[in-house]
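Hi,

Here is the structure I promised to pass on.

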Amino acid sequence: MVHPLSIRCCLTHGSWGGEGAKTLHTSFARLRGVYTNRRAHYEYELLERFEAGISLTGSEVKSVRAGGVDFRDAFARLSNGNVDLEGLYIPTYDEATYNNHEPRRTRRLLLHREEILKMKRGLEQKGLTLIPTRLYAKGRYFKVELALARGKKLHDKRRAEAEKTVQRELRAL
């Protein structure tokens, strides 16, 4: 089966392969790219996940597509019946005009009322927090996966690392 991008590339660049095809295909893969918060899986025990839309400006959308998103200090907060994402780093877009965005601004997350209430009930339990785990494109919209999480203790992290090592050794055999 011929991939639709191959046909488009053939019509655009006059060949089935070559440098043009590679560039077009990698830009398509980056558009569908998934940014994951790998540190969250190490630092937290993820209990329940939610998918939320994210409100972005035009320069933020172009910057996300170009790459460089950082989850390092990101977390979500419930305020006035809304969920806001704070600390997510989206670099400024170089080709944007004077109205470029702030890299670490607070961004509104779009969720159904029932989901927000479910999160609120979860956050009322002691020791739970709301953290972003993934940022990805779904159709023409960007989505954020949030997780209700409990912080791991040091001995939990060691146990998880030991289990990963055992699984890796079993796969090698």
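Asn80 counts as exposed, because its relative accessibility is 80% (exposed means over 50% relative accessible area, buried under 20%, partly exposed in between, with a 1.4 Å probe and protein chains only). Asn80 sits in the loop between strand 3 (75-79) and strand 4 (82-86). Its phi is near 55°, a positive value in a residue other than glycine. For context, most residues other than glycine have a negative phi.

Before you go further: this is a predicted model, where local features need pLDDT of at least 70 and side-chain atom pairs count only at pLDDT 80 or more, while totals for chains, interfaces and linings use all residues. Residues are numbered from 1 along each chain as its sequence is written, and side-chain values use heavy atoms, with hydrogens and water left out.

On the overall layout, the protein chain has six helices and seven strands (DSSP runs numbered from the N terminus: helices are H or I with at least four residues, strands are E with at least two). From the N terminus, the order is α-α-β-α-β-α-β-β-β-α-β-β-α. Of the 173 residues in the chain, 31% are buried.

Now the charges. There are 10 salt bridges in the structure (a side-chain nitrogen of Lys or Arg within 4 Å of a carboxyl oxygen of Asp or Glu). One of them joins Glu48 to Lys118, with the closest N and O atoms 3.0 Å apart. That pair links distant parts of the chain, since Glu48 is in strand 2 (residues 44-54) and Lys118 in helix 5 (residues 113-123), 70 residues apart. Glu48 is partly exposed at 27% relative accessible area, and Lys118 is also partly exposed, at 39%.

Arg49 forms a salt bridge with Glu145, the closest N and O atoms being 2.9 Å apart. This pair too links distant parts of the chain: Arg49 is in strand 2 and Glu145 in strand 7 (residues 141-151), 96 residues apart. Arg49 is partly exposed at 44% relative accessibility, whereas Glu145 is buried at 13%. Arg134 joins Arg49 and Glu145 in a network of salt bridges.

What else does Arg134 do? It lies over the face of Tyr136, at 4.4 Å from the ring centre (the test is NZ of Lys or CZ of Arg within 6 Å of the ring centre and within 35 degrees of the ring normal).

Arg77 is partly exposed, with a relative accessible area of 41%, and Glu86 counts as buried at 17%.

So is Arg107 buried or exposed? Buried, with a relative accessible area of 0%. Arg107 belongs to strand 5 (residues 107-110), and its side chain reaches the backbone oxygen of Leu88 at 2.9 Å.

Last, the nonpolar surface. Val166, Leu170 and Leu173 form a nonpolar patch there, with about 360 Å² of accessible area together. Leu173 lies in the segment after helix 6 (154-172) and is exposed, at 87% relative accessible area.

Cheers

Note on methods: Patch = residues over 30% accessible without salt bridge, like charges linked within 9 Å, V, L, I, M, F, W, Y side chains within 5 Å. Areas by Shrake-Rupley, 256 points an atom, 1.4 Å probe, with all protein chains shown as cover. Polar contact = N/O pair within 3.5 Å; in protein donor to acceptor, adjacent residues only side chain to side chain.
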